[in-house]
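Please keep the sequence and the coordinates at hand while reading.

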Amino acid sequence: MPEPAVPATNTEPINGREEDLETLQLFVSGLANGCVYGLIALGFVLIYKATEAVNFAQGDFMMIGAFITLGLTNAGYMGLPFWLAAPLAIAIMGVLGYLLDYLVLRHLFGQSQTAVVILTIAIGFVLRFIAGAIWGHEPQTLESPLAVGDFRFGGVVLGFADVAVIVVTFLLTFFLYQFFHRTKLGLAMQAASQNQMAAYYMGIPVRRVQGLIWGLAGMVAGVAGILFASQGAIDPNVGLIGIKAFAAAVIGGFGSLPGALAGGLIVGVIEPFASRYLPAGYSQIAPYALLLFVLVFRPNGLFSQVRTKKV
Amino acid sequence: MRIQFKTSYEHDIRLFPDWWSFIVYAALIALAVTLPYLLDDFYIGEATNVLIWAIAGLGLMILTGQTGQVSLGHAAFLALGCYSTIILLEAGVPFIIAFPLAGIITGVVGMIIAIPALRMHGVYLAIATIALSILADDIIVLLAPWTNGVSGKFAPTIDLFGFQIERWSQPGRFYYLVLAVTIICTLFYRNLLRSPLGRAFAAVRDSEVSAMAMGINIARTKAVSFGISCAITGLGGALMGFYAGAFNNETFSLVISISLLMMIVIGGLGSIHGAFFGAFVIAFLPQGLSILKDSVGGGSVAIPGLETGVFGMILILFILFEPMGIYGRWMKIRIWFELFPFARKDMFKRQKSYLKTERLR
């Protein structure tokens, strides 16, 4: 799995101010990576909130979104302008998400979470194979206007893509949160997840609502894919960073959108610090160790929503 | 059509429901025993591979099929069983002790890991076990003094009662060793299902609330299930190590965990047959694909991800059209013939069900 780019660390003897700067640089680049995890985790949470299932293929959705954008934008393929290709790719991802639900997942309506877990893992395998067959297995870079140029604040360097990731992620989390808590459709989605039959009685078309949320999750994955591809090269296996996004979603508690973002930021910030300060071999296990730690002590996430039914 | 009259509880839990099934299984074992005389060395190797996957599958089946807990981390226990067998052998412990001991070690470790994992359910358990599978890779590298890290270890020749068993020079002997372990594990599994513990597993799977009301200690049942499952998987892992001959931290990856889970789903969750059917699919899929590729004219061009892609496709089709797996399909065909001409189309129709949130258990 390609590790997200971590800026080269200073090897010269460093004095106090440079150390502060370095810490800040690590922190800021961690934030940018964390936002990508957060974006994938948002996809998990959306689907979990509305269908009570977890989409283990969300990372692969992101990969497909990145490749569709690449296929539309890069000169070697379609060669469309980026600002036209990006919304188009997001729309295509939305349609793909809806179709996936319509053709495959709807057959499992009312079945247990376990079946959906296994099914989405299989879908992830198939998506990876399809992407490899279409776009090949060589790493490719998106010709994105976001990929060039950087901001400098004091001594801290931050690429355009990183800034875009941070801004877009926070905006998206805010709007999705508002959507779930303020709109009729958002409330209908929450109801559909809590009790399907009761939701039917209330006149909610549960299946269609679930299809819409899969479409929405596809669009979020498309956004995540575009931003991820702007940060670095992509290949069909980048979807595996979805496993780190699990850590983000679990830390935040699966039912909470701001929690997912917070979890993503925690994982993203811990990674560069772990690889800077921990001995080699221990650093890459930090996110997973954190994940297990959270699950052991807060089995349902930091923002738990589980209550036990009494008999 | 055979009708079984059950007049006592003993009849209900008999190992073989009637003489006919006893004869069928005896014939199957006889066939398995004579197999080395019927097939050449290559196919004996393949048959051994099927049996090893079946053992590992039986292990996961106890946890997932019987107790209803999804684990995507069983590659970690395959690795633990494999490494502990080899390390014990290298320390001079004879195989006959080292092999079961490795199973027990794996089982105990599995049980210890299960204790915090018990508080999780459904998706959280799946995610925690994914993390476990990834951590296992890194932990093997960190424990390099024992495990040799990335350079890996080589499986030594097995010395069992003076017989030298080696996978390449005596595939027949290795096959018999694996067959013996398979039969022992299968009988153990079958007897477990007839015991109160096995019934407690099924009760926990079907409804935790009802199981609790029946006086079953959920936490203990799950922990024991995890332990037994890991022990059998560990034995499978040890045999896998001997089969591969050499292994390192990447041999038992997350993909193996996922394949194992998919294998038992394709075979049919909750049945011993399912583990064997699934093992057939997973062991012969690469061969089948390469034969197919040759016949299409693809030649020897390697297509990365083809196997997992096709495997995923097969799994999707199974979940959609035959959720009970190959075993379920086989049962349906058998019942259709047994009831002929009275089988009805809707006999196996699934009841319409609605999901409620698990956040309010």
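Which residue has its backbone oxygen 2.7 Å from a polar atom of the side chain of Ser229(B)? It is Gly59(B) whose backbone oxygen lies at that distance.

This is a predicted model, in which local features need pLDDT of at least 70 and side-chain atom pairs count only at pLDDT 80 or more, while totals for chains, interfaces and linings use all residues. Residues are numbered from 1 along each chain as its sequence is written, chains are lettered from A and ligands numbered from 1 in the order in which they are written, and side-chain values use heavy atoms, with hydrogens and water left out.

- Ser229(B) belongs to helix 11 (residues 218-244) of chain B, where helices are DSSP runs of H or I with at least four residues, strands are runs of E with at least two, and both are numbered from the N terminus.
- With a relative accessible area of 0%, Ser229(B) is buried; here buried means under 20% relative accessible area, exposed over 50%, and partly exposed in between, using a 1.4 Å probe and protein chains only.
- Leaving aside residues up to four places away in sequence, Ser229(B) touches Gly59(B), Leu60(B), Ile62(B), Leu63(B) and His74(B), a contact being heavy atoms within 4.5 Å.

**Nonpolar cores**

- The largest nonpolar core holds 189 residues, and those with the most contacts inside it are Phe44(A), Phe56(A), Phe254(A) and Phe174(B); such a core is a set of buried Ala, Val, Leu, Ile, Met, Phe, Trp, Tyr and Cys residues joined through side-chain atoms within 4.5 Å.
- Helix 1 (residues 16-51) of chain A supplies the largest share of this core, with 14 residues.
- A second, separate core is made of eight residues, among them Leu63(B), Ala114(B), Leu132(B) and Phe226(B).
- Not counting residues up to four places away in sequence, the contacts of Phe174(B) include Thr48(B), Ile52(B), Ile158(B), Leu239(B) and Arg167(B).
- Arg167(B) sits in the loop between strand 3 (163-165) and helix 8 (171-194) of chain B, and at 11% relative accessibility this arginine counts as buried.
- With residues up to four places away in sequence again left out, Arg167(B) touches Gly45(B), Phe174(B), Phe242(B) and Tyr243(B).

**Interface of chain A and chain B**

- In all, 59 residues of chain A are in contact with 47 residues of chain B.
- The two chains bury about 5100 Å² between them, 73% of it on carbon and sulfur atoms, where buried area is the accessible area (1.4 Å probe) that two parts lose on being put together, summed over both.
- On the side of chain A, Ile118(A), Phe125(A) and Phe129(A) lose the most area to chain B, together 13% of what that side buries.
- Across this interface the rule finds zero salt bridges, a salt bridge being a side-chain nitrogen of Lys or Arg within 4 Å of a carboxyl oxygen of Asp or Glu.
- The elements of chain A that give two or more residues to this side include helix 1, helix 4 (113-135) and helix 9 (242-252), and helix 4 of chain A gives the most, with 12 residues.
- By class, the side of chain A that touches chain B has 34 nonpolar, 20 polar and five charged residues; Ala, Val, Leu, Ile, Met, Phe, Trp, Tyr, Cys and Pro count as nonpolar, Asp, Glu, Lys and Arg as charged, and the others, Gly among them, as polar.

**Charged pairs**

- Over all chains, the count comes to nine salt bridges.
- One of them joins the side chains of Asp60(A) and Arg128(A) at 3.0 Å, N to O; Asp60(A) lies in helix 2 (residues 58-73) of chain A and Arg128(A) in helix 4 of chain A, so the pair ties together parts that are 68 residues apart in sequence.
- Both Asp60(A) and Arg128(A) are buried.
- Lys244(A) forms a salt bridge with Glu271(A), the closest N and O atoms being 2.8 Å apart, and this pair links helix 9 of chain A with helix 10 (residues 257-277) of chain A, across 27 residues.
- Lys244(A) and Glu271(A) are both buried.
- In chain B, the side chains of Asp206(B) and Arg205(B) meet in a salt bridge at 3.1 Å, N to O; Asp206(B) is exposed, with a relative accessible area of 59%, and Arg205(B) is partly exposed, at 34%.
- Glu322(B), Arg329(B) and Lys332(B) are joined into one network by salt bridges that share partners.

Conventions:
Polar contact = N/O pair within 3.5 Å; in protein donor to acceptor, adjacent residues only side chain to side chain.
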